[in-house]
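Dear colleague,

I am passing on a structure that you have not worked with before, and my notes on it follow below. Please read them with the structure open beside you.

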Amino acid sequence: MARVYNFSPGPSMLSEEVLLMAQKDLLEYGTTGMSVMEMSHRSAMYLDIYNESVQLLKELMSIPDNYKILFPQGGATQQFSAVPLNLMKTEKADYIDSGNFAHLAAEEGKRYGKVNIAACSRADNYTYIPDLQKANFDPEADYLHITTNNTIYGTRFTQMPKTDVPLVADMSSNILSETYDVNDFGVIYAGAQKNIGPSGLCVLIVREDLLGAARACCPTLLNWAVLSKNDSMYNTPNTYGIYMAMLGFRWLKAKGGVAAMEKINIDKAQILYDFLDSSTLFSGTAVPEYRSRMNVTFVTGSDDLDNQFVKQAASAGLVNLKGHRSVGGMRASIYNAMPVEGVQKLVAFMKKFEGENAS
Ligand code: PMP
């Protein structure tokens, strides 16, 4: 078996320990006589798994008691609709347009009310996080929506906006990679397929006072109060996804938790950015101040060389490095499960390619 270093933006690399544990449990979980996939979501054996997942996430993110932790289906995109349906009481909301997914979230919000784009870096191809000016916020907004890490453009918010209204954050591509104070947020949501587990699962953290204000037309499964009342089990949840998340949370805890992982992530990103800043061939595309620690975007300046690099890297076991079409070039997604050796091997390969191709 030859496992590769997978730099995919999502679904992305899982730790080998987690995959091996899932393999071990596949036919029989503990002494239950069955696979997790075969368990009723109402059974005591499954509820242990569900409760441990919730408890571990609570511990890892230091989530206060007045927040509800939920596991809806439908990924992060479904929450683009759920957010306005649950929170837009005055039918007004502020959004920061800092990337493709931030843009899509705002566009979805427009179906339900007046969306004010309080700051936007779209005209500059989202190479930075736009400047936030208080005067540009709608004083009647029900919430402010941000995307903490922009997966495609490789940028991240370095500090959280100060706001009097609930802050709603799409943390899909950097949840559990750095410490946050959950008290700063009204709502946090994230698709699971980057730092948590398999796709099709979403993590949703909602402050309890924000529950119960959904519109009458809100579909039942998008209504956070309904999900909360039923502990994410109004219908059959993604039972196996939640189990995989539990294994991932256990793994992260054993690594020392989010603060320890944040240090590793800073080091991993630094290895790549240091090389990019000294390279005679490659350069980073994001404005340095806002560089992401999860998604590192870079180019050679030649489409032809970019393509050759992606191809040759794949042959060397460094796969999925092609950038998103809207940025071009390359993107190395280095989420929690990417070991430091993967990044070191990538930089060594980039140096070799540079030696062979720099003019
Ligand atoms: N938000 C961000 C920041 C993302 O990176 C993604 C997926 N790459 C999404 C939302 C959409 O997530 P999903 O595919 O789980 O709906």
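Lys110 is partly exposed, with a relative accessible area of 43%, where partly exposed covers the range between buried, under 20% relative accessible area, and exposed, over 50% (1.4 Å probe, protein chains only). Lys110 forms a salt bridge with Glu107, their closest N and O atoms being 2.8 Å apart, and Glu107, at 35% relative accessibility, is partly exposed as well. A salt bridge here is a side-chain nitrogen of Lys or Arg within 4 Å of a carboxyl oxygen of Asp or Glu, and by this rule the count comes to 16.

Please keep in mind that this is a predicted model, in which local features need pLDDT of at least 70 and side-chain atom pairs count only at pLDDT 80 or more, while totals for chains, interfaces and linings use all residues. Residues are numbered from 1 along each chain as its sequence is written, and side-chain values use heavy atoms, with hydrogens and water left out.

Two further salt bridges deserve a look. Asp65 pairs with Lys58, with the closest N and O atoms 2.6 Å apart, and Asp65 counts as exposed at 64% relative accessibility. Glu262 and Arg293, by contrast, are both buried, and the closest N and O atoms of their salt bridge are 3.2 Å apart. Glu262 lies in helix H7 (residues 257-278) and Arg293 in the loop between strand S11 (283-284) and strand S12 (295-299), so the pair ties together parts that are 31 residues apart in sequence. Helices (H or I, at least four residues) and strands (E, at least two) are DSSP runs, numbered from the N terminus. Arg156 and Glu178 join Glu262 and Arg293 in a network of salt bridges.

As for the interior, a nonpolar core means a set of buried Ala, Val, Leu, Ile, Met, Phe, Trp, Tyr and Cys residues joined through side-chain atoms within 4.5 Å. The largest such core has 54 residues, of which Met61, Ile175, Leu176, Tyr243 and Phe249 touch the most other members. Its largest share, 9 residues, comes from helix H6 (residues 239-254). A second, separate core of 28 residues includes Met13, Leu272, Phe298 and Leu346.

Finally, helix H3 (residues 75-87) is mostly covered, with 11 of its 13 residues buried. A kink of about 30° lies at Ser81, shortly before Pro84, the bend being the angle between axes fitted to the seven residues ending at a residue and the seven starting there.

Best wishes

Methods
The expected span of a helix is 1.5 Å times one less than its number of residues.
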